[in-house]
Amino acid sequence: MADGNVWIDVPGLQRRQKIAIPLNTTVAPTGTLRLILRQGRVEVHYAIEATDLRETRPCGTIAIGIDKGYTEVLTDSDGVHHGDDLGTILRGESDYLMVKNARRAKIRSIADKAREIGDEAKADRIKKNNLGGVKRRRRQARFEPRVRTLTFTAVHSLIDKANHVIAEDLTRTFTSRKKLGRNTNRRLAAWTKGVTAEALHSVSERRGSALTLVNAAYTSQVAPCCRILGERAGERLHCTRCGEEWQADHAAAINVLERYGDPDISLWTPYTRVRQILQERADRLRTRLPVQDSSPSGRRANHPTRATTLKEAVFSQDAENAREQRSGPVG
């Protein structure tokens, strides 16, 4: 240690000569070290025990469901958004790359034409001065830490209120039926889901909160009010039975919370079977309601509703109690 910082010596290319590397820290690493040379900088990686990372900051006291968003990091089942700036960051980076890639494609076309006509010098100059990746890598090195910091901050705010988090498995990939454009795919980058999954596992473990993964099929399409498949239009979910309108991520978080402990839908239930189960449940609920008929007689279903059956049971029990009181005690 020198000047308050830790230094390490590594063997150089010349015999009996070592290279001193400052670590910019006052904590000396232990165990096996790994040195990575990246863009002229040396990174020193080493492993530490997970117990050393456990925080004294306590977690919350409730169970809560969450849904991964795109304009925000997470939305919980209380309707609270965590990490609202994610959409702005992703949109800004995506729009920048769209313009930048279009310009690079035009310059690359000029270089290819120059090479075709034999002007190798011009093509090499364009490739050297305009088609490099140094600036792109530097921008990416600034962009990714911003997303990670925002994601971990959002997960910490979630754990502040929850001691049990129910979430979908963000490591699984789903193929969309719709083909999305390149700009949209950049905004919905899969690596952001990986960062969110990493943050949920890491922060939950360090702060003592439980994390349970459930099957998230159709959670953003089921209206929590009537438990039926609604009509999705962008970020809004419309219930076709009662007419209530939901924010899709909020509805999904509520449904994710209710999937915990569902006896029929496990984590690995195929999505086709999940849809069938949801439809069967909706049909059972619908048969308990009056038949939708325009006739003035107001015809109802042939079997009694649950409320009618309960009323008859209470009436029968009251009648039995009255008969016992009139007959007097037996003995």
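Which residue stands opposite Trp246 in β14? Read on, and you will meet the answer in the first point below.

1. **Before you start.** The model is a predicted one, where local features need pLDDT of at least 70, side-chain atom pairs count only at pLDDT 80 or more, and totals for chains, interfaces and linings use all residues. Residues are numbered from 1 along each chain as its sequence is written, and side-chain values use heavy atoms, with hydrogens and water left out. Now the answer: Leu237 is the residue opposite Trp246 in β14.

2. Strands here are DSSP runs of E with at least two residues, and helices are runs of H or I with at least four, both numbered from the N terminus. Two strands pair if DSSP finds at least two bridges between them. In general, strands of a sheet pair through backbone hydrogen bonds, either parallel or antiparallel. Here 3 strands make an open, antiparallel sheet in the order β12-β13-β14. Its edge strands, β12 (231-233) and β14 (245-247), each pair on one side only. From one strand to the next, the twist averages 25°; the axes behind it are lines fitted to C-alpha atoms, and angles run from 0 to 180 degrees between N-to-C directions. β13 (residues 236-238) joins β14 over 3 antiparallel bridges.

3. **The sheet with five strands.** Another open sheet has 5 strands in the order β7-β6-β5-β8-β9, with mixed pairing. β7 (81-82) and β9 (210-214) are its edge strands, each pairing on one side only. β6 (residues 74-76) meets β7 in the antiparallel sense over 2 bridges, and Leu74 stands opposite His82 in β7.

4. **A hairpin to look at.** β3 and β4 are antiparallel partners over 6 bridges, with Ile36 opposite Glu43 in β4. The hairpin has 2 residues between these strands, and Gln39 takes a positive phi near 55°.

5. **The second largest pocket.** A pocket is an open set of points on a 1 Å grid over the protein atoms alone, with protein on both sides within 12 Å along at least five of seven lines; a 1.4 Å probe is used, and lining residues have an atom within 4 Å of a point. Of its 18 lining residues, Arg38, Arg41, Val42, Glu43 and Val44 lie nearest the centre. α3 gives the most to this lining, with 6 residues.

6. **A charge over a ring.** Arg139 lies over the face of Tyr96, at 3.5 Å from the ring centre. For Arg, this label needs CZ within 6 Å of the ring centre and within 35 degrees of the ring normal.
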